[in-house]
Amino acid sequence: GAALVAMETLTDFATVQYFNVTTISVGVEQVWHGMFERAAAAELASIVLVMAAVVIVGERRLRGRARYEQRGRGGGIEPISLTGARGWAATAACGIVLMLAFAIPGLQLVAWSSQSSLFGPGGIDGRYLSYLGNSAMLAVLTAVACAIVGLVLVNAVRLSGDRTTPRLVGVANIGYAVPGPVLAIGTLLLLAGLDATLQSLGVPTSGRLATGSLLAVAYAYTVRFLPLASNTLDAGLQRVPRTTTMSGFTLGAAPRRVAARIHVPQLRTGVGIALVLVAVDALKELPIVLLLRPFGFETLSLWVYRSAAEARWELAGLPALTIVALACIPVVTLFRLQIRPPGDRR
């Protein structure tokens, strides 16, 4: 839990920039996007990478050699009924958090949305639908890519049986602890180098890999949100006993067949959760699309960011409310999967 909060705080961009708090992630964006100092931005980005590695390694060290395996079918978290003063206290504590963190901001967004000029005689402004379509397209592409790569990674760890593969997968999962501007800079440098290599080989790219296409955005998104998918799928695979995997090998099945016929069918719920989690986080992502987007490509998060920067709250209300509503989907889904209704003893 502490590692997750540290990674989220380290990677935050829009909140700290809006409140004029200069963090490293904001500094990287300002140096790159405002001063066009590539070398200085790369140096700052390397500092953030070191910090992210420290967080990841620290979390792994704290866990040590702990392993978790669930035998049989789990019934979720068993609710405990509270009555009297304890029940009222628990309700008040949760209600205050819900009111301050969700209800009051949500009602304000509804009020701004009702005053928005996006609702006209001809219906909803076409810009909203266009930006929503762009955001949805990026979210779906990222979710599918992360789910596929995540399945490969978690199966590789389970089936390899060596120590090198888990370490390499751990390196691949460092992206969630890296701020968006750092990933955007790394992606630009990587694709710019690839552009130069292809041009030296006689392939006319005109720099379109690094700029002017969605390839850079999709790649950076996948690196950023891959840990969400792989960790979710890994948690699901931990529920599959290793004896089941070994039984497949005993019957003469190759690793690829064991993964396809045993692991993947039992990970269907995990795949669904991973798709939803990645899609919602991709929908909210701002700095990557801000730095890497092709000319004229807009998303809901960009619209909210620019409208808030100009204090045009009525324009920011509807797209922000849309993001909030979609972000509730994984919360409700996970809650329904983990909490059994009272009296349900299945």
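In this predicted model, Trp-313 is partly exposed, at 30% relative accessibility. Its ring pairs with that of Trp-112, the centres lying 5.5 Å apart. The planes meet at 15 degrees, so the pair is stacked. Trp-112 belongs to helix α5 (residues 84-114) and Trp-313 to helix α15, so the contact ties together parts that are 201 residues apart in sequence. Trp-112 is also partly exposed, with a relative accessible area of 24%.

A search of the whole structure gives five aromatic pairs. In one of them, the ring centres of Tyr-18 and Trp-313 are 6.4 Å apart. Their planes stand at 75 degrees, which exceeds the 60-degree cut-off, so this pair is edge-to-face. Tyr-18 lies in helix α2 (residues 14-18) and Trp-313 in helix α15 (residues 313-338), 295 residues apart. Tyr-18 has 43% relative accessibility and counts as partly exposed. Ring pairs join Tyr-18, Phe-19, Trp-112 and Trp-313 into a cluster.

The largest nonpolar core comprises 51 residues. Tyr-221, Phe-225, Val-278 and Leu-292 have the most contacts inside it. Helices supplying at least two residues each include α1 (2-11), α6 (126-160), α9 (215-237) and α12 (268-284). The greatest contribution comes from α9, with nine residues. Another core, of ten residues, lies apart from this one; among its members are Leu-109, Tyr-128, Leu-300 and Ala-320.

Helix α6 gives the most to the patch, with five residues. Val-144 sits in α6 and is partly exposed, at 41% relative accessible area.

Methods: Residues are numbered from 1 along each chain as its sequence is written. This is a predicted model: local features need pLDDT of at least 70, side-chain atom pairs count only at pLDDT 80 or more; totals for chains, interfaces and linings use all residues. Side-chain values use heavy atoms; hydrogens and water are left out. A nonpolar core is a set of buried Ala, Val, Leu, Ile, Met, Phe, Trp, Tyr and Cys residues joined through side-chain atoms within 4.5 Å. Buried means under 20% relative accessible area, exposed over 50%, partly exposed in between (1.4 Å probe, protein chains only). Helices (H or I, at least four residues) and strands (E, at least two) are DSSP runs, numbered from the N terminus. Rings of Phe, Tyr and Trp (its six-membered ring) pair if their centres lie within 6.5 Å; planes under 30 degrees apart count as stacked, over 60 as edge-to-face and the rest as tilted.
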